[in-house]
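Visitor: I would like to learn how to read side-chain contacts in a model. Please take me through them.

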Amino acid sequence: MLEKVTIDTFAGHKGSSFRMVAAPNLALEVTLAQVTALGDSGARQAFSLEFLAPLGGPIFPQSIYRFESEALGAFDLFAVPLGPKGGAFRYEVIFT
């Protein structure tokens, strides 16, 4: 499924809520804050997603997490913590 994902898959969902699941009883509610084109990677248009989580909650290390969305379904993505900014904690996912 992920091989068919494009920037357009997420562009219309900016501002939407996702559930970032680390374990059956450990998840964060995150918001898709940015969808950014990164250029042509050869296989497809590369792009990044930036998700925001509330400060004060758990901070997940870089790893593969299950992302769940009512609109898009569930899929596994490799997310990297970027740190706090503007009152939220940021995570980044890159598609190449």
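**Salt bridges and ring pairs**

Guide: Arg 19 forms a salt bridge with Glu 68, where the closest N and O atoms are 3.5 Å apart; a salt bridge is a side-chain nitrogen of Lys or Arg within 4 Å of a carboxyl oxygen of Asp or Glu. The pair links distant parts of the chain, with Arg 19 in strand β1 and Glu 68 in strand β4 (residues 63–69), 49 residues apart; strands (E, at least two residues) are DSSP runs, numbered from the N terminus. This is a predicted model, in which local features need pLDDT of at least 70 and side-chain atom pairs count only at pLDDT 80 or more, while totals for chains, interfaces and linings use all residues. Residues are numbered from 1 along each chain as its sequence is written, and side-chain values use heavy atoms, with hydrogens and water left out.

Visitor: Which residues are linked with Arg 19 in a network of salt bridges?

Guide: Side chains of opposite charge can pair when their charged atoms come close. Here Glu 29 and Glu 68 join Arg 19 in the network. The Arg 19 to Glu 29 bridge has an N to O distance of 3.7 Å.

Visitor: How far apart are the ring centres of Phe 47 and Phe 95?

Guide: A pair of aromatic rings is described by the distance of the centres and the angle of the planes. For Phe 47 and Phe 95 the centres are 4.5 Å apart and the planes at 10°, so the pair is stacked (centres within 6.5 Å, planes under 30 degrees apart). Both Phe 47 and Phe 95 are buried (under 20% relative accessible area, 1.4 Å probe, protein chains only).

Note on methods
Rings of Phe, Tyr and Trp (its six-membered ring) pair if their centres lie within 6.5 Å; planes under 30 degrees apart count as stacked, over 60 as edge-to-face and the rest as tilted. Buried means under 20% relative accessible area, exposed over 50%, partly exposed in between (1.4 Å probe, protein chains only). Helices (H or I, at least four residues) and strands (E, at least two) are DSSP runs, numbered from the N terminus.
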